[in-house]
Amino acid sequence: GTGSNNWVVSGRFTQSGYPYVVNDPHRSVALPSLRYFVHLHAPGWNVIGGGEPVLPGVSIGHNEFGGWGLTVFGQDNEDLYVYDTNPADPGQYRYLDRWEEMQVIRDGIAIKDESPQTVELKYTRHGPVLFEDNKNHKAYALRAAWMEIGNAPYLASLRMDQASSWQEFVAACSYSGIPSENMIWGDVDKNIGYQAVGISPIRRNWSGLVPVPGDGRYEWDGYLPIKALPHLLNPAKGYFASANNYMVPADYPHINALHYTWGDEMRGLRADELMSTGRRHTIVDMMNYQHDELAIPARSIVPLLRPITFNDSMMKSAVARLLDWDHVLDKESIAATIYVSFERQLSRSMQQLMVPDPDSDVLFRLNKKRIIDWLVAPDGRFGDDPIKGRDALLVSSLKQGLIDLTERLGTNMDRWQYGQEKFKHVLIRHPLSAVVSSEVRARLDVGPAPRGGYDSTLNSTGTSNNQRSGATFRVIMDSANWDNSIATSSPGQSGNPDSPHYKDLFQLWVKHQYFPMFFTREKVESVTENRTWLTPRATSR
């Protein structure tokens with residue numbers, strides 16, 4: 001249910017004539033907020049935006065020259081190595097036809113009211129030993145590229161924060177090892193660009209998809225230079241958008257250095273659809289696009305119901321609403337409720353049909369693009385008459401979806417609005433919520449509030465009835481005038497429930513509204529609430 005959206009639009013297609021840089025990273029909806037807004041202004045520094053409090057610099061934001069944002073790019077930068085261990089000494093493993101000693105570090109774990117527990121931490125030349133199978137004389141260790149020196153998460157943000165041009169931004173990106181991201185850029189010189197970042201091991205003789213022997217036959221041959229990852233400057237189409245979808249060029253020469261699984265393409269398709277109209281977009285358009293709730297999968301799945309004959313009156317009524325629907329998961333929509341319940345059951349039914357071991361914990365859920373492909377062109381797995389079998393599966397999935405809704409919301413379909421507490425809403429629970437009194441819990445928790453959308457809409461609100469993931473942090477940055485930039489951050493800047501800023505941004509967020517992200521001194525001082533002065537105190541010697 002997590003992911004992110006970002007896009008950068010050329011001034012050719014904006015009202016201001018300058019690039020818009022837009023980002024909404026999707027992470028856990030949490031208290032306190034995951035990300036924190038800050039404006040760092042000091043000699044050599046003038047950057048505003050946000051990041052996670054424990055990480056250095058501003059990972060999403062802008063300075064005087066340009067703005068940037070990110071989505072997950074995805075890389076396979078870990079490998080699991082399997083070793084033969086010495087039957088006479090399990091602390092040794094075979095490497096290049098000889099026994100090699102594991103490094104052992106002994107440590108103590110303090111336990112309250114008990115004696116400390118001693119543990120042995122073992123390492124091979126590739127990394128930490130995760131598991132030992134002494135019966136079969138095997139050991140397993142993880143090699144992780146992000147353990148290389150200089151790969152602290154988001155460390156390269158410090159360089160990005162001071163970039164004054166596209167060239168300097170790319171140079172900063174070349175230090176960004178972890179996490180792997182799609183970085184976008186738009187600047188006051190009207191340039192827009194994209195650079196993927198992350199550390200990519202080069203595997204000469206295997207794919208990285210499965211564990212390999214750790215005996216020396218499967219070693220990394222260094223790392224792909226970050227600048228060699230996919231990138232572009234001022235694309236002819238006038239925009240660039242990413243949503244964790246597959247976007248590697250067909251002729252990309254280093255495909256084996258990347259990974260093999262990508263996010264569902266539905267959000268990416270919708271972003272591309274909105275960006276490619278050729279119109280001159282406004283800041284208000286960007287706001288609407290970030291909160292767009294049109295479900296691309298519904299446009300393909302719902303029409304498959306049209307030729308089917310339904311005898312049950314409730315199913316007839318449900319199908320009529322779906323066929324007359326605009327495919328938007330609006331919080332007031334009844335058809336949206338019917339569709340999402342239907343799609344959930346359809347996904348489960350398809351998994352039972354298509355996956356050899358559908359109850360396995362390995363597979364989380366089927367990709368919706370795959371589901372649509374199988375439904376549009378059904379094969380023998382649907383039975384001797386694939387079309388008939390496909391239609392029967394659609395009918396049974398819709399029937400079960402309606403049963404679930406009746407049990408949850410009652411028999412009156414007119415009361416099945418999507419954004420209600422019994423179906424799609426947000427209630428942000430504090431980590432301590434479950435262990436405090438009801439009075440304290442009421443102060444800590446924020447919500448509930450109705451929501452629209454789901455995991456495959458640009459306004460990504462996740463798969464669950466209570467939104468647990470999505471974009472609480474959003475930025476829309478106008479390089480023509482940085483003071484025209486706007487943002488959201490829910491539920492507030494403060495983690496102190498007694499602060500007026502603990503949840504003061506929550507209602508703006510649920511109503512799809514923004515606050516100004518003022519940048520110039522004049523604008524900032526026009527809305528200053530208070531000042532804190534830190535004054536050095538003289539000390540006597």
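**Cavities, a pocket and a helix**

Start inside. Ser59, Leu70, Tyr154, Ala156, Ser157, Met160, Ser176, Glu181 and Met183 line the largest cavity. Two elements give two or more residues each to that lining: helix H1 (157-160) and strand S14 (181-187). By class, the lining residues are five nonpolar, three polar and one charged. The largest cavity holds about 50 Å³ of space.

Now the ground rules. This is a predicted model, where local features need pLDDT of at least 70, side-chain atom pairs count only at pLDDT 80 or more, and totals for chains, interfaces and linings use all residues. Residues are numbered from 1 along each chain as its sequence is written, and side-chain values use heavy atoms, with hydrogens and water left out.

Terms next. On a 1 Å grid over the protein atoms alone, a cavity is a set of points where a 1.4 Å probe fits but cannot get out; a pocket is an open set with protein on both sides within 12 Å along at least five of seven lines; lining residues have an atom within 4 Å of a point. Points join across faces, edges and corners, and volume is the space filled by probe spheres set on them. Helices (H or I, at least four residues) and strands (E, at least two) are DSSP runs, numbered from the N terminus. Nonpolar is Ala, Val, Leu, Ile, Met, Phe, Trp, Tyr, Cys and Pro; charged is Asp, Glu, Lys and Arg; the others, Gly among them, are polar.

How many cavities of 30 Å³ or more are there? Two. Strand S2 (residues 20-28) gives the most, with three residues.

On to the largest pocket. Its space is about 1,400 Å³. Its lining has 27 residues, and Gln493, Val524, Val527, Thr528 and Glu529 lie nearest the centre. S3 gives the most, five residues.

Last, helix H4 (residues 283-290). Its buried residues (under 20% relative accessible area, 1.4 Å probe, protein chains only) are Ile283, Asp285, Met286, Tyr289 and Gln290. They sit on the same side of H4, because they cover an arc of only 155° around the axis, taken from the directions from the helix axis to the C-beta atoms. What covers them includes strand S1 (3-9), S2 and helix H3 (266-275), with contact meaning heavy atoms within 4.5 Å.

Notes
Buried < 20%, exposed > 50% of the residue type's maximum accessible area, 1.4 Å probe, protein only.
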